[in-house]
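Colleague: I'm new to this one and would like a close look at a single part of it. Could you take me through one spot slowly, then show me what surrounds it?

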Protein chains: 2
Amino acid sequence: VGAAGSLRVVLISPRNPLNIGAAARAMSNFGFLDLRLVQPYTEAWREARSAVGAAAVLEAAQVCETLAEAAGDCSLVVGTASLGHRELKLPVRRLEYGARLIKKDSGAVALVFGSEKYGLSNEDLSRCHWLLRIPTRLEHESMNLGQAVAVCLYELARDARAAVRAPKGQRRASGADLDWIDALLGSALVQSGYIKDRTARSSELKLRRLIRRMDLTAADARVWLGMLRQICWKLSQTPPPA
Amino acid sequence: VGAAGSLRVVLISPRNPLNIGAAARAMSNFGFLDLRLVQPYTEAWREARSAVGAAAVLEAAQVCETLAEAAGDCSLVVGTASLGHRELKLPVRRLEYGARLIKKDSGAVALVFGSEKYGLSNEDLSRCHWLLRIPTRLEHESMNLGQAVAVCLYELARDARAAVRAPKGQRRASGADLDWIDALLGSALVQSGYIKDRTARSSELKLRRLIRRMDLTAADARVWLGMLRQICWKLSQTPPPA
C-alpha cells in the first residue's frame, strides 16, 4: 500500500464492542482510517466507549455480509493467524517481513482479523493470499483483538530509518563548555579540599571522563557553569584548608 | 536488557482493571513477565478478565508505593510519553530507536507507563532517564494503555532480521515442473483453439511469464500438472478445431 489510505482493516464477526472500539482507536492513532466489519455480533459497537478519539473511524465504518464483499476492491487479502493455522496450505509470514510486502504492494490491501472466539474460518482463509503472524511466544500465542490490530498497524506505520539514526536531539555541549566545567569543578574540588593536588594527572583525567559521561546538552552545560561559578566564588570567600 | 527477564513493566496509578489485565496479557504474549504496579486505583485488577492466559503475570505482580520503589533495582528508567511532554527537558526518542537502546542496555530496565487519565507526573518524569514515544499521528496521539504496552513490547521482541530474510516457506516449484506446465497449458490452449499458432514466440513468452507470476509451490505445481494432463487428455478426445 503506497498510502495508508489503501489499507482496509477487516474484522470478521467481532463480538466485543470494546474490541471494535479499541481497533478503531489504534487505526486512528496510526493513520489507517478504513474499517470494515463483517457481520458484527451486536450493533453496540457504534457507541463503543473504547474508541477514544476515533468516533470518525467508527462512523465511516462499512458493514458487510461477507469477506468477499468487504475485500471486493482489494488486490491483496492478508489474514492474521496463529501457528495453529499451519496445517492450512497458506504461506505464513512473520509480521516484520509480511508488513514489508504489504507496504510494497501497489494496490489496495485488506488486513483481516478473525473473531475473538473462533479466528478465521476455512471459508475466510480460502480468500486470503497469505497469513500474517505476530511473533508471540509459543506458550501464549493468542493476542487480544484490539492489541493485535495495534501491533500490526504499528509495524505498518513504523519507520525503519528511525531505528538506526539518532533522533534530532538538543544541541550537545561544546568542548569549550566542557573544558570550562572541568576547570571550575576542579577548582571547586581543590578549594573544598576534596582534591589535594590540583595538578595530579590522574584526578584531572578522571574528572574529565566523569563530565563527559554526563553527556550534557548545551543548555544544561550553561546551567552547570552558572552553578559552579557560584560555588567557586563562595568557596573563595572561606578560609583556605588547613 | 540482554534477556527479557531484566525488563520491568511499571504501571503508575492505573485506573481500569481491564487495562491492567490487557497489559499483563501482552507481556505474556511477548515473554516479559515482570509487572510492577504503583498505587493501582482499585484491587479489582487481581481478577481482571482481560488477562486471558496471563494469570501468572498478575499473580506475580509487585505492588509498590512509589516509582522509586518499583524501579529501585533498575539502572535505566524509561518513561513513555506523547509529544505533549516536549517542554520537559528530557530527551524523547522514537520507539524504533529507543527500543534498540533498551535492548543494548546491560542492566535491568524499567519501562514506565503513566495513568490513563493523567500520564506521568513531573515527580515521576524526574526519575526517568529519557522518554519513549510511539510514533502515532499528531492528530491523534493518545493510545489506550493496554495497546501502548503491546506495541512497546512487540518492538522489544521484534526480530529485525526477520524483516529482511524471507521466511522458510514451502519449497518452490522447480524449473522443470514449470516447463511441464508451460507445455501442457500451451497444448491445452492450442487444442482448445485459444492459441492459433502454437509456435508463435510471443504467445510462448507471455504464457511462460503468466505461469512464473503465479509463484507456485512444488505441491501446487503437481496439482496443476495433474489438472492440465487431464484437460489435455479430454481435449484430445474432441474433434480438432474447424
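Leaving aside its neighbours within four places in sequence, which residues is A:T136 in contact with?

Modeller: Happy to, and keep in mind throughout that this is a predicted model. Leaving aside neighbours within four places in sequence, A:T136 is in contact with A:E141 and A:M143 in chain A, and with B:N29 and B:F30 in chain B. As for where to look, find the loop of chain A that runs between β7 (130-133) and α6 (145-157); A:T136 lies there. The relative accessible area of A:T136 is 7%, and because the cut-off for buried is under 20%, A:T136 counts as buried.

The whole contact takes 46 residues from chain A and 45 from chain B. About 3,600 Å² is buried between the two chains, with carbon and sulfur atoms giving 52% of that area.

What else is going on between the chains? There are 28 residue pairs in polar contact across the interface, counting pairs with both residues at pLDDT 80 or more. On the chain B side, the elements that give two or more residues are α1 (17-30), β5 (92-94), α4 (95-104) and α6 (145-157). Of these, α1(B) brings the largest share, eight residues. Sorted by class, that side of chain B has 22 nonpolar, eleven polar and twelve charged residues. Charged side chains also pair up across the interface, where two salt bridges are counted. One of them joins A:R158 and B:E155, at 2.7 Å from N to O.

Finally, step back and compare the two chains. Chain B can be superposed on chain A by a rotation of 178 degrees with 0.1 Å of shift along the axis, at an RMSD of 0.4 Å. The two copies are therefore related as by a two-fold rotation axis. The copies also meet through the same surface, because 100% of the interface residues of chain B are interface residues in chain A too.

How values were computed. Residues are numbered from 1 along each chain as its sequence is written. Chains are lettered from A and ligands numbered from 1 in the order in which they are written. This is a predicted model: local features need pLDDT of at least 70, side-chain atom pairs count only at pLDDT 80 or more; totals for chains, interfaces and linings use all residues. Side-chain values use heavy atoms; hydrogens and water are left out. Contact means heavy atoms within 4.5 Å. Buried area is the accessible area (1.4 Å probe) that two parts lose on being put together, summed over both. A salt bridge is a side-chain nitrogen of Lys or Arg within 4 Å of a carboxyl oxygen of Asp or Glu. A polar contact is a pair of N or O atoms within 3.5 Å; within protein, one must be able to donate a hydrogen and the other to accept it, and residues adjacent in sequence count only if both atoms are side-chain atoms. Helices (H or I, at least four residues) and strands (E, at least two) are DSSP runs, numbered from the N terminus. Ala, Val, Leu, Ile, Met, Phe, Trp, Tyr, Cys and Pro count as nonpolar, Asp, Glu, Lys and Arg as charged, and the others, Gly among them, as polar. Buried means under 20% relative accessible area, exposed over 50%, partly exposed in between (1.4 Å probe, protein chains only). Copies are superposed by least squares on the C-alpha atoms of residues with pLDDT of at least 70 in both.
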